[in-house]
Amino acid sequence: MMTAVRSTEVGEIESWYRACRAELVRLAAFALGDRDAAEEVVQDVFARVYRKPPTLRMPGEELRYLRSAVLNRCRTGMTRRAAGRRATVRLESQRPGHVRSTEEHGIDVATRDAVLAAVRKLPRGQRDVVLLRYWLDLPEAEIAATLGVSSGTVKTSAHRAMAALTPLLEDLR
Amino acid sequence: MSRDPEDLLRDALRAGDDPVGAGSFDDVRARARRLDRRARLLKTGAAVIVILAAIGVSIPLLSGDDDNKQRVITSPGRTTTTLAPVEDEPIGIWPFVTGAEADDMNISPDGFYGTNATETAVEFVRIAAGAGDNGAPAPDVETIAPAEPHEQRSTVVVVTIGSRRMQVVLRRLGSSDRWSVVSVQSDGLVLDEPSPNALESSPVHVAGRATAFEGTVLVRVTDRGPVLNELGKAVLTGEMGLMKPFSGDVSFQPRELGYGAVIAYTVSAKDGRVEQLSAVPIRWAPPEKGAINVPQSEYPIADGQIVAVVNEAVHGGSNVDDLVLLEDGEIRLGPVQPARPNLLWVL
């Protein structure tokens, strides 16, 4: 049995935007490796949701819906446009003061960049699972629902991703 | 300091997250307005094309032009075809049936997005050849002629299972950059009937030529799209030897919106592994417009109950497409579904 289906009010979308935008931008930035393109992806997703609000099954499901839409958008429509802008963004990211602070995690910038580069080289399915599991700490069932795959696929993807990343991580630790 | 690789990964992902500004929802509204304008422009453009086509058709009629060629153009069938949205024509087998499906960014069968034609071809052959054959091992599918990188909207990928070759034809449906398989033809298994996209009913007559052990060809009728549900299956026998004919009828349970595929394959006498396969898309008339037969043994629900229609490929099955009432053992769908449903929830 299931709960009642409800339509989303247009006004709700603005509150979703305020609440979820930061996380979604970071998620897209991890996936694309490009902060400007990530902002564009998130804005595009919200514009489409604003035009055609989704029908959600239960309250609180919007974050899963938006994560799913952002990851899908990263994979499809926006990637080519993002690639065209990458050179510009790389230059900007080298500005003084743009270097990320990492001390509180006991990890240096070079290590962090090496790990992120390795994560971005993973196949898309594995990369998305890694982001949702190790960055957002989502449970397996939630990851499966977000990516539209089975829990078994999530486990397999996570296992393969860790198998690929472990040699690098062993070297770095 | 030494630490667990998983912790190191977690720390690396979380270390020094850049602050993200609040952003302005006005930008979102502005973008939505731009998208609206673009959609209106596209609609207007399509309307202008239709009007111009209608004028082109009408002038010879009004002027009494007796040219045979013009008469063919003005036949009712042609006019209807021109007016129908080409992007919604069901032409794919997997993972997308229509351009609208391929364009929908929320549809991603099992995390597979299909922007690489070669990967899409290999994945389809793996799925179609590996599905449910008495636990036989999955075949080793390899590519010997990958898609050419310059191909824009359609391409052919040649794959092998062992020593058997098959050509997988793919198209980019709609305006998407995602590929869909539209047919598969093996060198040693040729499907002559049904023809691609033929309108069929159960049982569908299947005929062709094959090199098969004891002349045995297995045929499955499946749904098309992200999930290849088996709707019917039969073993057809022909003659042994090189490219001998086979034929027979395959009964199936038609359902959903009437798009499906006939997948014929032969298996190894040694280990039951699929050796070669061919596939063509077909369509069938639904029992009634927008009606789905509900198999009572699987869904013990009674007339008068409300069910939710869901497609598992959209948002992990969490998005409800429609709410419908069960009447006479059937559910009648409302507007055309964004993606074909494959799940019902009883409320």
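The side chains of A:Arg67 and A:Glu23 form a salt bridge with an N to O distance of 2.7 Å, a salt bridge being a side-chain nitrogen of Lys or Arg within 4 Å of a carboxyl oxygen of Asp or Glu. This pair links distant parts of the chain, with A:Arg67 in helix 3 (residues 62-75) and A:Glu23 in helix 1 (residues 10-32) of chain A, 44 residues apart; helices (H or I, at least four residues) and strands (E, at least two) are DSSP runs, numbered from the N terminus. This is a predicted model, in which local features need pLDDT of at least 70 and side-chain atom pairs count only at pLDDT 80 or more, while totals for chains, interfaces and linings use all residues. Side-chain values use heavy atoms, with hydrogens and water left out.

A:Arg67 also meets A:Glu142 in a salt bridge (3.9 Å, N to O). Because A:Glu142 lies in helix 7 (residues 140-147) of chain A and A:Arg67 in helix 3, the pair ties together parts that are 75 residues apart in sequence. With 7% relative accessibility, A:Arg67 counts as buried (under 20% relative accessible area; exposed is over 50%, partly exposed in between, with a 1.4 Å probe and protein chains only).

In chain B, the side chains of B:Arg165 and B:Asp187 pair at 2.9 Å, N to O, in a salt bridge. Here B:Arg165 counts as partly exposed at 35% relative accessibility, as does B:Asp187 at 42%. Salt bridges that share partners also join A:Glu40, A:Asp44, A:Arg48, A:Arg73 and B:Arg31 into one network. Over all chains, the structure holds 21 salt bridges.

Methods: Residues are numbered from 1 along each chain as its sequence is written. Chains are lettered from A and ligands numbered from 1 in the order in which they are written.
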